[in-house]
Amino acid sequence: MAQIEFSNVCKYFGETRVIENLNLTIKDGTFTVLLGPSGCGKTTLLRMIAGIGPATSGRIFLDGRDITFTPPGKRGVAMVFQNYAIYPTMTVRGNIEFGLKNNKVPKAERDRLIREVSEVVGLTAFLDRKPSTLSGGQRQRVALARAMVKNPKVFLMDEPLSNLDAKLRAAMRVELIELHRKLKTTFVYVTHDQVEAMAMADTIILMNDGVIQQEGSPAEIYRDPNNIFTAQFLGTPPMNIFSLGERADVQVGFRPEKAGLSYEEPSAFFRRRGTIATREMLGSETLYKIDFPDGISVMVKSLQESFGVDEQVWVSASREDLCFFDEGGQRIRTGLDGLLAVVGGTR
Amino acid sequence: MKQQQEPRRKSFTKEKILPYIMTAPAMAFLLVFTFYPMANLIYLSFFDYNLINPNKRFVGWRNYYELFFVRKDFLNALQNTAVYTGAVVFFVILLALLLALWIRKDSKFNHFVQTCAFTPHLVAMLSCAMIWAWIMDANRYGLFNTVLSFFNLPPLRWLNSSATAMLSVVIVSVWKSIGYYCLIIVSALKAIPAEIYEAAELDNTPRYRLFFRIILPLLSPQLFFLLVTITINSFKVFDTVRVMTEGGPGNATDVISFYIYRYAFRHFRIGYASAAGTVLMVILMLLTAVYFRGLSRRVHYQ
């Protein structure tokens with residue numbers, strides 16, 4: 001059991017407000033990803049859980065116990081840092097063992113734990129090496145082993161894969177998912193990479209400017225965004241969003257991969273004619289940029305690669321794939337009939 | 001095959017000579033100003049020579065015999081130098097480290113303290129020694145004794161007593177060099193990433209373990225450098241002693257450099273002074289070698 005709760009948490013760096021009145025519950029055993037652009041407060045939140053960057057005000061609970069003023073080492077959490085923060089003067093074994101020694105774990109027990117953990121992360125052969133002789137991926141594993149050996153209630157990870165090359169990152173991603181499934185502890189993972197978040201998370205908490213934009217499973221957040229920020233932060237390319245001609249206060253959007261292209265006028269709910277401005281062949285699919293006569297342009301991701309630049313095509317989207325947003329960028333979920341009539345009339 | 005090898009051999013010889021040509025100017029300087037004086041020092045130590053009479057008389061190992069077995073003052077100077085060096089090395093490293101740990105955080109006050117500690121390094125040793133000679137004046141004019149008398153404590157004789165003279169000289173040397181060495185340690189401390197401390201905090205590290213197991217090993221290259229340079233500099237101490245005590249009272253603060261100076265330029269016994277200089281050089285070489293052998297394995301270079 002390790003549920004994390006933030007209650008009315010604020011964080012100021014001097015005069016700068018980073019987080020204001022944030023309430024959040026991270027459920028026990030989930031792989032929760034804090035996602036957002038840099039400076040959105042996600043790392044700040046993670047450091048609050050770790051206790052190395054205390055909240056300015058508000059309370060933090062772990063399993064219902066108030067840990068707001070508990071020192072980091074007594075919280076039962078472990079953290080993997082972006083640059084690993086391995087102790088450079090100690091061997092791999094020394095690094096893994098250090099926390100155990102501080103907690104006065106007996107020697108035999110320590111040896112057993114180190115053996116087990118190094119087995120899991122594949123470091124057995126490197127236990128007596130210094131970190132400076134290891135590769136980036138191996139150092140990453142040392143940091144992971146150091147966290148695992150403490151058997152924490154919560155794993156905190158601050159962009160742990162961002163210093164690895166693309167191939168290794170994909171491999172480590174899979175390993176972390178497997179590790180989570182094996183350990184069944186709560187993982188809190190910070191990243192700005194939406195692909196990483198979508199791939200790994202049970203729950204994504206999307207933040208911007210210190211405010212939680214949306215919380216939910218990757219599929220929920222992707223399919224049913226609460227606001228324009230969420231709709232455009234997730235997905236590559238982001239959701240097409242443009243204002244309606246007759247209702248300037250409302251914006252409509254659809255995902256590039258939900259739109260269709262055709263030469264003939266389709267019978268779909270939303271349809272508009274435009275010119276193909278660019279065409280990017282991505283392999284399995286092709287990305288088109290289409291300019292409408294009124295200056296609006298949209299991206300369409302299509303499985304068909306037969307359309308050419310400068311051709312006139314129809315862009316279509318079905319009624320259930322359209323999202324509407326109000327002036328403040330929030331999703332409109334009720335009273336859509338009037339708006340749908342406007343869109344349906346757009347030519 | 002042969003045709004291919006020919007130009008390679010040519011460039012090979014060129015490659016062999018070129019580095020010597022490039023380093024020749026520096027080597028010339030080294031030869032003239034370092035190696036020749038060193039060789040000459042050793043050469044002269046086997047002669048009886050007084051700067052005035054151009055005839056040098058070869059005396060073999062007599063000068064060395066006199067240093068160690070006839071006169072007692074050389075061994076005394078050697079002992080004083082060892083005491084001085086030991087005290088300076090110990091207190092400078094200890095105090096510079098403590099000061100650095102105190103002022104490592106960036107703040108206006110800490111910058112002020114750092115500037116204050118560094119300023120003595122900018123003042124000529126001679127001026128410092130003069131000022132300290134006044135501060136430690138044995139009469140009631142001296143600053144320390146004025147303070148002592150203010151608290152109704154008996155005055156100390158500082159530089160005028162063989163019991164406290166060496167201590168006084170050590171105090172001045174430590175005071176003068178602490179800021180400079182502190183600066184080196186502060187910059188090393190600042191180079192330690194904040195995440196290391198945070199990771200240690202998450203590892204529930206007690207403060208003493210943080211210092212001895214993480215901070216100190218990370219400072220070891222700088223501390224080792226300090227140990228070697230302070231040792232060498234202290235062994236060669238001259239100006240402080242020359243201005244403040246002239247080796248006295250008695251010969252309580254007589255150190256090797258001052259001893260050499262005395263015999264060379266007051267008694268004009270160049271050969272004998274050269275022998276003392278050679279001994280100093282050999283001691284420094286041995287000490288440095290011992291440091292590198294004994295400690296370099298415990299120094300962590302990143």
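Some housekeeping. This is a predicted model, so local features need pLDDT of at least 70 and side-chain atom pairs count only at pLDDT 80 or more, while totals for chains, interfaces and linings use all residues. Residues are numbered from 1 along each chain as its sequence is written, and chains are lettered from A and ligands numbered from 1 in the order in which they are written.

Chain A, then. Its C-alpha trace spans about 75 × 45 × 35 Å along the principal axes. The secondary structure comes to nine helices and 18 strands; those are DSSP runs numbered from the N terminus, helices being H or I with at least four residues and strands E with at least two. Of the 347 residues in chain A, 37% count as buried. Buried means 20 or more other C-beta atoms within 10 Å of a residue's own, exposed means 12 or fewer, and partly exposed is in between, again with C-beta atoms placed from the backbone.

On to domains, whose bounds come from an automatic or database domain assignment. Chain A is split into domain 1 (4-228) and domain 2 (237-345). Their C-alpha centres lie 39 Å apart. Four residues from domain 1 of chain A and six residues from domain 2 of chain A make up the contact. Chain B has domain 1 (2-44) and domain 2 (62-298), and there the C-alpha centres are separated by 38 Å.

Strands β1 (residues 4-13) and β2 (residues 16-26) of chain A pair in the antiparallel sense over seven bridges. For pairing, DSSP has to find at least two bridges between the strands. Ile4(A) sits opposite Ile26(A) in β2(A). The two strands form a hairpin with two residues between them, and Gly14(A) in that turn has a positive phi of about 65 degrees.

With β6(A) the pairing is parallel, over four bridges, and Val80(A) stands opposite Met157(A). With strand β8 (residues 186-191) of chain A, β7(A) runs parallel too, joined by five bridges, and Asp158(A) faces Val190(A). To get from β7(A) to β8(A), the chain crosses through helix α5 (residues 166-183) of chain A in a right-handed β-α-β crossover. Right-handed means that, with the strands pointing away from the viewer, the path from the first strand over the helix to the second runs clockwise.

Next, α2(A). Its buried residues include Val92(A), Ile96(A), Glu97(A) and Phe98(A). The buried residues of α2(A) pack against α3 (107-121) and α4 (136-148) of chain A. After the helix comes Lys104(A), with a positive phi near 60 degrees.

That brings us to the interface. 18 residues of chain A are in contact with 17 residues of chain B. On the chain A side, β6 (77-80) and α2 (92-102) each supply at least two residues, and α2(A) gives the most, with three. By class, the chain A side has ten nonpolar, seven polar and one charged residues. In that scheme Ala, Val, Leu, Ile, Met, Phe, Trp, Tyr, Cys and Pro are nonpolar, Asp, Glu, Lys and Arg are charged, and the others, Gly among them, are polar.

What about the core? In soluble globular proteins, nonpolar side chains tend to be buried together. Here the largest nonpolar core has 147 residues, and Ile49(A), Leu156(A) and Ala276(B) touch the most other members. Such a core is a set of buried Ala, Val, Leu, Ile, Met, Phe, Trp, Tyr and Cys residues joined through C-beta atoms within 7 Å. Beyond its neighbours within four places in sequence, Ala276(B) contacts residues including Leu67(B), Phe74(B) and Tyr263(B).

Last stop, Asp106(B): buried or exposed? Exposed, because Asp106(B) has 8 other C-beta atoms within 10 Å. This residue sits in the loop between α3 (73-103) and α4 (108-122) of chain B. Its C-alpha is 9.5 Å from that of Lys190(B), 84 residues apart along the chain.

Definitions and conventions: Contact = placed C-beta atoms within 7 Å.
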